[in-house]
Amino acid sequence: MQTDYKTQLSENMSTEEKEKIIEAIEFIKIQTPDLNEKKILEKIELANALAGIKADISTILCAILDSESNSEIEIERKFGKETLFVLKSKKKFKDTLSKYENAYDSNPELKKVLYFSLTKNLKLLLLTITEKYCELKKIKKLQKEEGEQLAKEAQEIFIPLMHK
């Protein structure tokens, strides 16, 4: 039985926005055949959280679309230049985080500096903070070590970012 994703979307979204998000869900399902229902619902939860804080549609679409997609031309055609720009920025940021992953233990300030660099792209900042917010909501279900790491990251990085 297929989920009616439209009923899962926030009341804060217009009909047009909901249709665009459904189009993005269908697009990502084709691009990522192994994408399971749980992951789709997590993406919808993030999209709803963004809609709740009045994010624009290009930012909300980035909650659904994958920054790893190889279909840049199609993403731009279907969802616009702004959405593609945020997705490319998200991929670049994730790649940079991964590149320095081993350095965080010896230099904890490095991760903070990388996250503070997000303030130059407010849509990416909003998306990243909202992603962390959704992760924090699940903290009770995480292993103790993962939960502590996420809480520490929120305290040291995201709370100061919110003050910027």
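In helix α6, the residues T83, L84, V86, L87, S89, K90, F93 and L97 are buried, that is, under 20% relative accessible area with a 1.4 Å probe and protein chains only. Their cover includes α4 (57-64), α5 (72-79), α7 (108-116) and α8 (122-137), where contact means heavy atoms within 4.5 Å. An α-helix has 3.6 residues a turn, so residues three or four places apart point the same way. With 19 residues, α6 reaches 27 Å from its first C-alpha to its last, close to the 27 Å expected at 1.5 Å a residue, the expectation being 1.5 Å times one less than the number of residues.

The model is predicted, with pLDDT of at least 70 needed for local features and 80 or more for side-chain atom pairs, while totals for chains, interfaces and linings use all residues. Residues are numbered from 1 along each chain as its sequence is written, and side-chain values use heavy atoms, without hydrogens and water.

Helix α6 (residues 81-99) also gives the largest share of the lining of the second largest pocket, 5 residues. A pocket here is an open set of points on a 1 Å grid over the protein atoms alone, where a 1.4 Å probe fits, with protein on both sides within 12 Å along at least five of seven lines; lining residues have an atom within 4 Å of a point. The lining consists of F85, S89, K92, F93, T96, L114, S117, L118, K120, N121 and L124.

Turning to the whole protein, there are 9 helices and 0 strands, these being DSSP runs of H or I with at least four residues and of E with at least two. Of its 164 residues, 40% count as buried.

Notes:
Buried means under 20% relative accessible area, exposed over 50%, partly exposed in between (1.4 Å probe, protein chains only).
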